[in-house]
Amino acid sequence: TVGRYANVSYAGLVSFLKGRIEDKRVQEATDHLLQSGCLELRKGQRDVHFVSLTEAGRSLKGSLEGMTE
């Protein structure tokens, strides 16, 4: 989801995934990906923080997509 959409806020991510994944799981996954350097928080307009993929995150995403082919 973060890779597909630019400027995804954490609240927007949770809202988008609501009903598909428990909020707690989204938080745990996001925390893990932030700590491992696959995601980063960037400050946007009006001091809103957005979640974005880092180069490591794009690499991980590519390798996971390759596994499903």
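How many bridges join strand 2 and strand 3, and in which sense do they pair? Strand 2 and strand 3 (residues 49-53) pair in the antiparallel sense over 5 bridges. Pairing requires at least two bridges found by DSSP between two strands.

This is a predicted model, in which local features need pLDDT of at least 70, side-chain atom pairs count only at pLDDT 80 or more, and totals for chains, interfaces and linings use all residues. Residues are numbered from 1 along each chain as its sequence is written, and side-chain values use heavy atoms, with hydrogens and water left out.

**Overall layout**

The protein chain has 3 helices and 3 strands. Along the sequence they follow the pattern β-α-α-β-β-α. Helices (H or I, at least four residues) and strands (E, at least two) are DSSP runs, numbered from the N terminus. The C-alpha trace spans about 40 × 30 × 20 Å along its principal axes.

The 3 strands form an open, antiparallel sheet in the order 1-3-2. Strand 1 and strand 2 each have a single partner strand, so one side of each is left without a neighbour in the sheet.

| Edge strand | Residues |
|---|---|
| Strand 1 | 8-9 |
| Strand 2 | 39-43 |

Leu 39 stands opposite Leu 53 in strand 3. Strand 2 and strand 3 form a hairpin with 5 residues between them. In its turn, Arg 46 has a positive phi of about 55°.

**The helix pair**

Helix 1 (residues 10-17) and helix 2 (residues 23-35) pack at an angle of about 135°, with their axes 10 Å apart. Axes are lines fitted to C-alpha atoms, for helices over the stretch in contact, and angles run from 0 to 180 degrees between N-to-C directions. Contact means heavy atoms within 4.5 Å. Tyr 10, Leu 13, Val 14 and Leu 17 of helix 1 meet Asp 23, Val 26, Gln 27 and Thr 30 of helix 2.
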